Amino acid sequence: MITKDNIFYSFSKDNVAVKIVRPKETVIIETIDAFGGQITSEDDQLDTLNWNQVNPATGPIYIEGAEPGDFLKVEINGIEIDASGVMASIPDAGIFGSLHKKSSVKCFDIYDGYTEFNDMAIPIHPMIGVIGVAPSSKSISNGEPGPHGGNMDNKMISTGTILYLPVFVKGALFGLGDLHAAMGDGESNVTGIEIGGKVTVTFDIIKEKSHGHPIMTKNGQFYTIYSCKTLDEAVEKAAYEMHYWVKKSLGYNDSDAAMLISIMADSEICQVVDPKKTARMKMPQLYFRYLNL
Ligand code: CA
């Protein structure tokens, strides 16, 4: 197991790997929550929070044989979350930031498949907020999403997902953290139920297949993922990525690929607060029968 004391705050080619793994190797990665474990009670105020210790990711992990231009294939085998999580309303942060004159914190005990919000039962669906690899040039804070992955806050990255991250540096330098027990698309109030845990992943390398942005499969669906300054741009770029993969798989011309996408693909929102926005596009995986990922 890679323990939660092996953390970093920016994805960087200069980070020193804490572990070297081989393709097809399975690893358990222990994480702490996005507040770095600094909030433990509803009486805690965010004014005293050390913002240099938020969004920790565990790693980085060096995957032998991963080279720029490859995809790092990351199969999420399981997510085991801790017994309690926290969330917060933060002044001037997120869609509702102007409503929050001061910060407030809520703590959650996690039961078997659910938690409680005030007097209501809330289903949980553990997911990974921050997951990525080192970019090729300057380092990127774990709070930001981008071509390297990072803070995508994509609720579909959960148990059973296979994520393909573009490799930009030798060994990829993979890390993950920022688990959520529950989060809605958009992450409107900037936090989900932030929680630590243990994630089991299996790595592999797909040689020379990367198109520079993450893609994933889950429940028979194929997804593109794209992060931009505006949501409009993110939605459009995610669609162009889908167009690339449809053409690559089926050999269609531009028009046919665009038509199939217009009929069968759904534009979806990951998050709108990080502060870049992340969109995904979803299409049934059966239309990618020649992709061989
Ligand atoms: Ca996040």
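Reader: So strands (E, at least two residues) and helices (H or I, at least four) are DSSP runs, numbered from the N terminus. Where does L173 lie, then?

Author: L173 sits in the loop between β15 and β16. The model is predicted, so local features need pLDDT of at least 70 and side-chain atom pairs count only at pLDDT 80 or more, while totals for chains, interfaces and linings use all residues. Residues are numbered from 1 along each chain as its sequence is written, and side-chain values use heavy atoms, with hydrogens and water left out.

Reader: What is the phi of L173?

Author: Its phi is positive, about 55°, although L173 is not a glycine. Most residues other than glycine have a negative phi, and most peptide bonds are trans.

Reader: Which peptide bonds are cis here?

Author: P60 belongs to strand β5 (residues 57-63). Another joins D274 and P275, with omega about -15°. P275 is in the loop between β21 (266-271) and β22 (277-284).

Reader: New topic. How is the chain divided?

Author: Into domain 1 (7-206) and domain 2 (228-288). The bounds come from an automatic or database domain assignment. The C-alpha centres of the two domains are 23 Å apart.

Reader: How many residues are in contact between them?

Author: 19 residues of domain 1 contact ten residues of domain 2, where contact means heavy atoms within 4.5 Å. About 1,100 Å² is buried between the domains, and carbon and sulfur atoms give 55% of that. Buried area is the accessible area (1.4 Å probe) that two parts lose on being put together, summed over both.

Reader: Which three residues of domain 1 supply more of its buried area than any other three?

Author: P145, D185 and G186, which supply 37% of the area domain 1 buries against domain 2.

Reader: How many salt bridges cross that interface?

Author: One. D185 pairs with R280, and their closest N and O atoms are 3.1 Å apart. A salt bridge needs a side-chain nitrogen of Lys or Arg within 4 Å of a carboxyl oxygen of Asp or Glu. Side chains of opposite charge can pair when their charged atoms come close.

Reader: And how many in the whole structure?

Author: Eleven. Among them is K24 with D204, at 2.9 Å between the closest N and O atoms. That pair links distant parts of the chain, 180 residues apart: K24 is in the loop between β3 (19-21) and β4 (26-31), and D204 is in strand β18 (residues 197-206).
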